[in-house]
Amino acid sequence: MMVMTKNLSAIDVLRQMFGDAVQEHAILAPYTSARIGGPADVLLTVKSVDEFANAMQLIWEYELPYYILGGGSNVLVSDKGFRGVVVLNRAKEVRFDAGDQPQVWCEAGVVIANLARRCASKRLAGLEWSATVPGTVGARCMAMLARSAVT
Ligand SMILES: Cc1cc2nc3c(=O)[nH]c(=O)nc-3n(C[C@H](O)[C@H](O)[C@H](O)COP(=O)(O)OP(=O)(O)OC[C@H]3O[C@@H](n4cnc5c(N)ncnc54)[C@H](O)[C@@H]3O)c2cc1C
C-alpha cells in the first residue's frame, strides 16, 4: 500500500483537487473489457484535458506510481490490482471546425469508433478505418507512437 502509507499527503492533495473523482481501493474489473482486475490503491477519473494535465503534474511532482487507463480494451489487470494511482481518462470533448478545410479537435478519452461515426455524420472522411476499432483516441495515439518507435 505504497500510496496509502508513504504518500498520504499526496492523496490528500488529490482529494482536494478532484473530490469524489478520487476513489481508494477501487476494483478495476468494471473498467476493462475483460472484466477482470483487482483494486487500485487510488482510481482517479479525469473528465477534461485540464484535469488530466493537473493530475499528471501532481503525480509526477509526488513521484507516485501511476497507470493511465482508457477504454480498458487492451489491458489485463491482475487480481492483485495496481499499487499506485490509476488515471481513468474520461475526457471526451469533441469540436468540429467547419470551413474550407474542416478540422476536428478532440480530447484523448473519446472512443475512436464514436469519433469516426460523428465525423461520418458530418461528411468528414479519413477515420473510416477506425469505425470498428475498440478503445480511445489517446491509447490509439500511444500505440501508433510505440509502433513508429520500433520500426
Ligand atoms: C479485440 C480488439 C480488437 C482490436 N482491433 C483493432 C483494429 O482493428 N485496428 C487497430 O488499429 N487496433 C485494434 N485494436 C487495438 C486497440 O484499438 C488499441 O489497443 C487501443 O488503443 C486500445 O484503447 P483503450 O482506450 O481501450 O486502451 P487501454 O486498454 O485502456 O490501454 C491500452 C494502453 O494504452 C495506454 N493508454 C491509454 N490511454 C492513454 C493515454 N491517454 N495516454 C497514454 N497512454 C494511454 C494504457 O496505459 C495501456 O498501456 C484492437 C484491440 C482489441 C482488444
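**Exercise 1.** Find out what kinds of residues form the shell around the ligand, and where the ligand lies.

*Solution.* Keep in mind that this is a predicted model.

Step 1. Sort the shell by residue type: ten residues are nonpolar, nine are polar and one is charged.

Step 2. Look for the closest of the 20 surrounding residues: they are Gly70, Gly71, Gly135, Gly138 and Ala139.

Step 3. Turn to the elements: strand 3 (66-69) and helix 5 (137-150) each give two or more residues to the shell. Helix 5 has the largest share, with five residues.

Step 4. Now bring in the domains. The shell takes residues from both domain 1 (2-89) and domain 2 (94-150), so the ligand lies between them.

**Exercise 2.** Describe how domain 1 and domain 2 are placed and how they touch.

*Solution.* Step 1. Start with the distance: 25 Å separates the C-alpha centres of domain 1 and domain 2.

Step 1. Next, the contacts, for which C-beta atoms must lie within 7 Å. Eight residues of domain 1 meet nine residues of domain 2 in this way.

Step 2. On the side of domain 1 that touches domain 2, seven residues are polar, one is nonpolar and none is charged.

**Exercise 3.** List the helices and strands of the chain in order.

*Solution.* Step 1. Count them: there are five helices and six strands.

Methods: Residues numbered from 1 in each chain as written. Predicted model: local features only at pLDDT ≥ 70, side-chain atom pairs only at ≥ 80, totals over all residues. Domains from an automatic or database assignment. Contact = placed C-beta atoms within 7 Å. Nonpolar A, V, L, I, M, F, W, Y, C, P; charged D, E, K, R; others polar. Helix = DSSP H or I, 4+ residues; strand = E, 2+ residues; numbered from the N terminus. Near = placed C-beta within 6 Å.
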